[in-house]
Amino acid sequence: MGRRILIVLHQERSSPGRVGQALIRRGCELDIRRPALGDPLPVDMSGHEAAVIFGGPMSANDELPFIKAETAWIGVPLKEEKPFLGICLGGQMMARHLGARVYSPADERVEAGYYPIRPTTEGRHLFDDPQHVYQWHQQGFDLPSGAVQLAEGTDFPVQAMRYGKAAYGLQFHPELTTPMMEAWLEFGKERLSRPGAQPAELHYQGRAQHDATLRAWLDRFLDQWLPYENETEMKAETA
């Protein structure tokens, strides 16, 4: 049995996408839970090597019981210093858990499509300058006290952060697959009329231009976030 990774999703048909695929290739076992549908979260990380909380249409500011529970639960991997990754909503929950603001811009601006982000001095080992990433969000988060900013954007300044040695929060979506993007464009197409959003054709153009680079970025990131434990894992990933 490979390393067990806790995967937290927020809708019945949600998928861990490319992140899940990359973890499986690395020999990991995915323990998928959906607290929004009643699944419990573990009381500690003794049964898991790492945890990932993905995105969703909810807000980290919502008073929904599962949002509150997930936000509070992030303290478990942080306290145990186990690898944690929050993506979009998950990153916003992490920021809120650490006392930072999660906000909507006053002009209702969003990011939907491929946008350039830039590494900070601390993030130069992870990100290209610029690095084009896929965005699908209408809220952002401030940098929590004690966290290190790794990448910055224009309309939403905090794009990637690290807290402690192994907890990361991302605003963008490295897990995106082509079917996922097509579904978001279909079922969330009203977002494309908001200020800052790119038209659908630019999503496809951006994917053709930037997806290979973003896929390579994800591999580099996972190599740092969850290093291989043995040679067998590395051979499985490169096969």
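**Figure 1. Salt bridges in the predicted model.** A search of the whole structure finds 14 salt bridges, a salt bridge being a side-chain nitrogen of Lys or Arg within 4 Å of a carboxyl oxygen of Asp or Glu. This is a predicted model, in which local features need pLDDT of at least 70 and side-chain atom pairs count only at pLDDT 80 or more, while totals for chains, interfaces and linings use all residues. Residues are numbered from 1 along each chain as its sequence is written, and side-chain values use heavy atoms, with hydrogens and water left out. Side chains of opposite charge can pair when their charged atoms come close.

**Figure 2. The salt bridge between Arg 25 and Asp 219.** The closest N and O atoms of Arg 25 and Asp 219 are 3.8 Å apart. Arg 25 belongs to helix 1 (residues 17-25) and Asp 219 to helix 6 (residues 200-225), so this pair ties together parts that are 194 residues apart in sequence. Helices (H or I, at least four residues) and strands (E, at least two) are DSSP runs, numbered from the N terminus. Arg 25 counts as partly exposed at 32% relative accessibility, and Asp 219 is partly exposed with a relative accessible area of 22%. Throughout these legends, buried means under 20% relative accessible area, exposed over 50% and partly exposed in between (1.4 Å probe, protein chains only).

**Figure 3. The crossing of helix 1 and helix 6.** The axes of helix 1 and helix 6 come within 11 Å and cross at roughly 45°. That angle makes helix 1 oblique to helix 6; angles under 35 degrees count as roughly parallel, over 145 as roughly antiparallel, 65 to 115 as roughly perpendicular and the rest as oblique. Axes are lines fitted to C-alpha atoms, for helices over the stretch in contact, and angles run from 0 to 180 degrees between N-to-C directions. Helix 1 passes helix 6 in a right-handed crossing: a crossing is left-handed if the near helix is turned anticlockwise from the far one by less than a right angle, and right-handed if clockwise.

Figure 4. Arg 101 forms a salt bridge with Asp 142, with the closest N and O atoms 2.9 Å apart. This pair links distant parts of the chain, 41 residues apart: Arg 101 is in the loop between helix 4 and strand 5 (102-103), and Asp 142 is in the loop between strand 8 (140-141) and strand 9 (148-152). Arg 101 is partly exposed at a relative accessible area of 47%, and Asp 142 counts as partly exposed at 27% relative accessibility. In the second salt bridge, between Arg 109 and Asp 155, the closest N and O atoms are 3.7 Å apart. Arg 109 lies in the loop between strand 5 and strand 6 and Asp 155 in the loop between strand 9 and strand 10 (158-163), so the pair ties together parts that are 46 residues apart in sequence. Both partners are partly exposed, Arg 109 at 26% relative accessibility and Asp 155 with a relative accessible area of 35%.

Figure 5. An open sheet is formed by 9 strands in the order 2-1-3-4-11-10-9-6-7, with mixed pairing. Strand 2 and strand 7 stand at the edges, each with a single partner strand, so one side of each is left without a neighbour in the sheet. On average, neighbouring strands of this sheet are turned by 25° against each other, direction ignored. Two strands pair if DSSP finds at least two bridges between them. Strand 6 (residues 111-119) and strand 7 pair in the antiparallel sense over 7 bridges, and Ala 112 stands opposite Trp 136 in strand 7. In strand 7 (residues 131-137), 6 of the 7 residues are buried, so this strand is largely enclosed by the rest of the structure. Strand 10 and strand 11 (residues 167-170) are also antiparallel, over 4 bridges; Tyr 163 has Ala 167 in strand 11 as its bridge partner.

**Figure 6. Helix 4 and its end.** Helix 4 (residues 89-97) is mostly covered, with 7 of its 9 residues buried. Among the buried residues are Leu 89, Met 93 and Met 94. Gly 99, which follows helix 4, has a positive phi near 95°.

Figure 7. The structure holds 0 disulfides, a disulfide being a pair of cysteine sulfur atoms within 2.5 Å. Cys 28 is buried at 8% relative accessibility, and Cys 88 is buried at 5%. His 48, in the loop between strand 2 (29-33) and strand 3 (50-53), counts as buried at 5% relative accessibility. The C-alpha atoms of His 48 and Leu 30 are separated by 9.5 Å, and the two residues are 18 residues apart along the chain.
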